[in-house]
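Trainee: I would like to learn how to read a model of this kind. Please take me through it feature by feature.

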Amino acid sequence: MDRKGYIFFITVSLFLVFFSMCLSLAVGEVRIPLPEVARMLLYKIGLTSSMTGAFGVYDTILLFVRLPRTLMVFFVGSVLGVTGAVYQGLLLNPLAESYTLGVASGAALGATIAIAFNVNLVRPFAFLGGILTLLGVWSLSHRSRSVDPTRLILSGVVVGSILQALMMLLQTLFPEKLGAFFFWIMGSFGSASWKWLPGCLIASCIALLFTLLHRELDLISLGEGKAETLGMSIVRMRWVLLCTASLITSVVVSYCGVIGFVGLIVPHLLRMLVGHSHSRLLFASWMGGGLMLLWADMAARAIGSLPVGVLTALVGGPIFCLFLWRS
Amino acid sequence: MTLAHEGSGKPILLSAVDVSVYYGNKKVVCDISLDVRSGEVFALLGPNGSGKSTVVKAFVRLAEKEGDVKILNLPVESFTRKALARAAAYMPQKFQLVMPFKVMDVVLLGRYPWLSFLGDYSGKDLDLARCNLDKVGMAGFEDRKITTLSGGEVQRVMIAQCLTQDASVMLLDEPTSALDPKYSIAVMRILRNYVKNGRAVLCVMHDVNLALRFADRVALMKDGSVRYVCSSNEIDANMLSDVFDVPWHIETWQGGRIALPL
C-alpha cells in the first residue's frame, strides 16, 4: 500500500470507528434511532440547543450505560490490538498475543482468588496477578544479558498452564461461584461504567504511544546482534516494551476479563492491508482492535448479552482459519 | 579527535591489543593484536572455527572480551550504542529475517543511528538508501518483501544497509559467502571505493583469491590466534598451507596472483 492508499485507509477507518460507535450507542435491548443518538451527541457537545421527542428517556440509557460501555469497548480493543502487534514483533512469533506470556491467566487467577475468598478487591487482585505473572515469566527466561524469545514464550505457556490449572482447582472447590468466575474467563462489558473508563483510556493512550517506537520494533525483528549494532539496547527495549504491554493488558483484563483472539487476529489481518512495517501496523492495530471489539460487543448484545469473548472466539477463529488457508 | 598514526603513517581506525574473547568460560580467541588503518581493506582469513567472526564481534561489543579494543582511537566501551553504530557498521554472517519487510524499509534502518528520538527519515536518507541499493545491483527491488529474496540478494541488501549506515568503519562477516562471482567482485569493488575517502573495512573472508586481489592487508588466523599479519602481496603458499592444513600453490597471472589449494 502506497502513502496515498494508507491515508485513504486511515480516513476510512476513522469514519468506520465513528460510525460503529454511533451504531453501538443505538443497539441494545432498547433500540435508539440513530438520528436520536446523533442529536443527543450534538446537544451534549453544545452544537444544538433544543431537544425533541423521547430524548429524556434515551438520555439515561445513552449517557450512563451505552456511552461508557462503547468507549470502554473501543479502548480495550485498541489495547489488545496494539499489544498483539507488539508481542508478535517482540517475540518474533506470529502466534504471540497479549496473553502468550500468561499475563491474562495471571490476571484471571488473581480475580478468581478474590472472588473465591470474598475479597472485595477483584480488580486490584486481577491487575496484581497479571504483573506477578510477568515477573515470574521474565525471571524464568532471563539468562545472562539476553532474553531468548523462544524461552520467553515457553516460560509463558508453562506458567499460563499452571495458572489455568490453579483456576480450575478453585472453580472445583467453589462451585457456587462459577457464574462470577465465568465472567473473568470469557470477558464481558456488563459492568462498564464511567468509573472504570479513565483506566481504560490511559491504557489505550499508552498503547497509542507504542506507535512512537515503531522503528525499534522493526529493528528487533532484524535479530539481536544487528539491532544492537544499529544503536539500540535490545535488552532494555525488550524489557520496556514487554513490561508496558503486559501492564496495560493487565489493566484492561482487570476491567473486562479475558478476551481472546483480538490481539492475535487484528495485526494479522492488517498486515495484509498495510504491510509488515510497524510504522503503519501499530496505529492500524489500535483502530482495528477497537473496531473489532465494538462489532463483537454489538453482536453479543444483539444476540442476548453473550460474553463478548465467546463472540471474538467464534468469529475470530474461523477468520483466522481462513487467513491460514489463504496464506 | 586525534587518531593514532603508526607504521604507514595513516591513522589507525580499528585496533585490538592483546585481546582475548570468551563464550561463557571458554576462551575462543587468545591474545590477538591487530590494527586497521584509514583507507585500508583488511581481510581476516582462516579455517572454520578459527575465531574470525568472534574477533569482529569483539569490535562491536557483541562478545565478552579482555584487552583493549579501540575504534577511532577510543575504547569501544566509551561509546554509547548509537555513537558506536555511527562509528562502525556491522554485518553478521547470518541474518534473522522473519518479518517480510520491504527491502527499502530494511535498508533505511541503516539510518537509525543518525535519527533523533522522534525523528523521521529525510529525503537525503531515502536518496542514500536508493543509491546504495543501486550500487549492490538491487535497484527496482525497493518494494519487494525481503523474505522472498534469494540468499545472495538478501546479502546484497544487508550490504546496502551497512553502506547506508555511513559509518567510519565497516566490519563484515563473510560478505560474499552467498554471492556469485559477478557480485562477489562487485561487492569487493564497492568496499575498495568505500575506503577511498579515509574509511576502513575489516572483512572476514573464505575466498583467498578475493582477499589477494582486493585486500590491502591480511591476518591469517588459526585456533583462536593470529598466525600471520602481512600485506596481501606477501602471502605465500607456506603461510596458507600452515593455516588451512592443506598444501597451496600460488601462481602469478596477468599481474595478479591466484592461490590454489592442492
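This is a predicted model: local features need pLDDT of at least 70, side-chain atom pairs count only at pLDDT 80 or more; totals for chains, interfaces and linings use all residues.

Trainee: Which residue of β10(B) stands opposite Val218(B)?

Mentor: Two strands pair if DSSP finds at least two bridges between them, and helices (H or I, at least four residues) and strands (E, at least two) are DSSP runs, numbered from the N terminus. Here Val218(B) faces Cys230(B) in β10(B). Residues are numbered from 1 along each chain as its sequence is written, with chains lettered from A and ligands numbered from 1 in the order in which they are written.

Trainee: In what sense do β9(B) and β10 of chain B pair, and over how many bridges?

Mentor: β9(B) and strand β10 (residues 225-231) of chain B are antiparallel, with 6 bridges. The hairpin they form has 2 residues between the strands, and Asp223(B) has a positive phi near 50 degrees there. With strand β3 (residues 41-45) of chain B, β9(B) pairs in the parallel sense over 4 bridges; in that pairing Leu45(B) is opposite Leu220(B).

Trainee: How many residues of strand β9 of chain B are buried?

Mentor: A residue is buried if 20 or more other C-beta atoms lie within 10 Å of its own, exposed if 12 or fewer, and partly exposed in between, with C-beta atoms placed from the backbone. In strand β9 (residues 217-222) of chain B, 5 of the 6 residues are buried, so the strand is mostly covered.

Trainee: What is the strand order of the open sheet of 6 strands in chain B?

Mentor: The order is β6-β7-β8-β3-β9-β10 (chain B), and the pairing is mixed. At the edges are β6 (88-91) and β10 of chain B, each pairing on one side only. For angles, axes are lines fitted to C-alpha atoms, for helices over the stretch in contact, and angles run from 0 to 180 degrees between N-to-C directions. With direction ignored, neighbouring strands of this sheet are turned by 15 degrees against each other on average. Helix α6 (residues 181-194) of chain B packs on the sheet and touches β3, β7 and β8 of chain B, at about 150 degrees to the direction of β8(B). Helix α5 (residues 151-165) of chain B lies across β6 and β7 (169-173) of chain B, at about 170 degrees to β6(B).

Trainee: Why does Val201(B) count as buried?

Mentor: Val201(B) counts as buried because 28 C-beta neighbours lie inside 10 Å. Val201(B) belongs to strand β8 (residues 200-204) of chain B. Two residues are in contact if their C-beta atoms, placed from the backbone, lie within 7 Å. Not counting residues up to four places away in sequence, Val201(B) touches several residues, among them Val41(B), Phe42(B) and Leu172(B).

Trainee: Which strands stand at the edges of the open sheet of 4 strands?

Mentor: That sheet has the order β2-β1-β4-β5 (chain B), with antiparallel pairing. Its edges are β2 (26-37) and β5 (74-75) of chain B; each has a single partner strand, so one side of each is left without a neighbour in the sheet. Strand β4 (residues 64-71) of chain B is joined to β5(B) by 2 bridges, and Lys70(B) has Pro75(B) as its bridge partner in β5(B). Helix α1 (residues 52-59) of chain B packs on this sheet, touching β1 (12-23), β2 and β4 of chain B.

Trainee: How many residues of chain B are in contact with chain A?

Mentor: There are 19 residues of chain B in contact with 19 residues of chain A. On the chain B side, helix α2 (residues 81-87) of chain B gives the largest share, 3 residues.

Trainee: What radius of gyration does chain A have?

Mentor: The radius of gyration is taken over C-alpha atoms, and the globule rule is 2.2 Å times the number of residues to the power 0.38. Chain A has 20 Å, which agrees with the value near 20 Å for a compact globule of 327 residues. Chain A has 14 helices and 2 strands, and its C-alpha trace spans about 70 × 60 × 35 Å along the principal axes.
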